[in-house]
Amino acid sequence: MQKASEFATVAEQQFAGGDLEAARLSIQKAIATRDDVAAYYILLGQIEVQSQKPVSAFNAFSLALDLEADNVQILQSIADLGLQTGRVKEAEEAADRILILAPGSPNALLVKGFIAIDEGRFDVARKAVEDILSFNAQDEGGIILSARIDALQGKPQEALAKIDAIIGLIGETSALNATRLEIYRLLRQPARMLESLSALIQKADANNEYQLDYLNLLYKVGKQDEARNAAVTLLRDPKLNRDQTVKIIDIWNEYDADPLTAAQISYFAKDGTRTAQILLTRHFLNTGRTDIAARIIAKLEKGQSPEALGLMAQIRLAEGASRTAYGIADRILEVDPRNEDALIVRSAKYIKEKRFDKAIADASIVTSDAPQNPNGYVALVNALAAKGSKIRARQVFEQGMEFLPQSRLLAMHYKELLLRWGDKPRIVSLDKEVALASPSSTKSWTIFSESCSRFGDGLCAKAAEQGLANAKNSYLVDDPPGTPRRRGLFARITPEKICATTGGICTES
């Protein structure tokens, strides 16, 4: 249909011009008008790749493959994105199909090689390297695959020599710099890591994950002023998403109790993105800086944003202005009956009124709707404890820690209850679990060490000492447990990764 073609042409122009949002909308209109043209799904996939949405890109190329099963371009995209997103079976099937259609395809062999090293089949991976380099001894992917095999098999210096040699021949690329970065990370050489990260984030295709890596490393090596400036620059970026903003705040929680100047606070209060204003407010509320939290959320509150009003209710409650907080919460819940912050405040009101079942009901909605909010679990435990339901209160904290295993905030509240109950062994094991979920966090290991000193034994203290020593020289941002493993050209090479791929025994500490 002519209309579909017109939408697709516009999408191509918008994509070429870098307007990804508009291009996505245009090609979606083309697909809605005519859904049997593979080229439309290919373009959508390319847009999603450029937008750093690999899962959406994989889905788009999968739809294109349904229409053109022997299209090598589509198959290669499926193979690359499948590897990247953990759809390993589909990635390998696509690579196998390419090798039937185009025997010896270096890109397909590369995918097969990376799958092999992930599964610890290094002989298969080495064979892939040989086949790739037999066609082109300077093939970037083949050299990277070979270097990563060396690093994973305990030969990082040989791996580094291969990367340096190919850079000397073809120049720096993002994939080569990323591999060099991971080798430096493995060798625990932060100064060299800073060099590689600087090169990576200067590239046009740099993504915010490397900028967050860089921010974390600046803090880790004591370059606080540079780190603070880097964090503010990131937070001012309108493209920064919620998860990335949360990671910045997590880095602050690890290293920096006072990350913003008064002028920067004023900037975010006036001109910050909505995401930044909401999440910064939550951060300062959770760290007891209600004055800063109130300043940052003031503009959104004046605009009668329910989310902002709910946060203000929490701020007023924390400040002791309970009557004001209750009034704000009640007004919000009339129009937004599942507002998580207003429900937490009303739950507190019900506890004060000894209406415990209603308090439990409100807090239960929060833990169901917003399981990532530690304050929901705390509110529910407060209600249950007030009613005398000790066992259920403990179960809720355990449920929360299972969902948020790295949360020192939630663990802190749980430990207050455990201390009241005299359960010192669980305090020690809880702090150990948080530290193990955050192996690079010196703060979490320090807390565990302190618990060992107060309530533990010599074995506990030794484990904490070993974990802390490792954390001090571990230069990465810990992903939450369960995060899909990075694969392919940009995968991490860490001691944990080596352990997993070589069939070794991964010790707790």
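Figure 1. Of the 509 residues in the protein chain, 49% are buried (under 20% relative accessible area, with a 1.4 Å probe and protein chains only). The protein chain exposes about 23800 Å², of which carbon and sulfur atoms supply 51% (Shrake-Rupley method, 1.4 Å probe). This is a predicted model, in which local features need pLDDT of at least 70 and side-chain atom pairs count only at pLDDT 80 or more, while totals for chains, interfaces and linings use all residues. Residues are numbered from 1 along each chain as its sequence is written, and side-chain values use heavy atoms, with hydrogens and water left out.

Figure 2. The C-alpha trace spans about 75 × 70 × 45 Å along its principal axes.

**Figure 3. Gln-52, a residue with positive phi.** Gln-52 is not a glycine, yet its phi is about 60°. This residue sits in the loop between helix H3 (38-50) and helix H4 (54-67). Gln-52 is partly exposed, at 45% relative accessible area (partly exposed lies between under 20% for buried and over 50% for exposed).

**Figure 4. Gln-304, a residue other than glycine with positive phi.** The phi of Gln-304 is near 65°. The loop between helix H18 (290-302) and helix H19 (306-318) holds Gln-304. With a relative accessible area of 52%, Gln-304 is exposed.

Technical notes
Helices (H or I, at least four residues) and strands (E, at least two) are DSSP runs, numbered from the N terminus.
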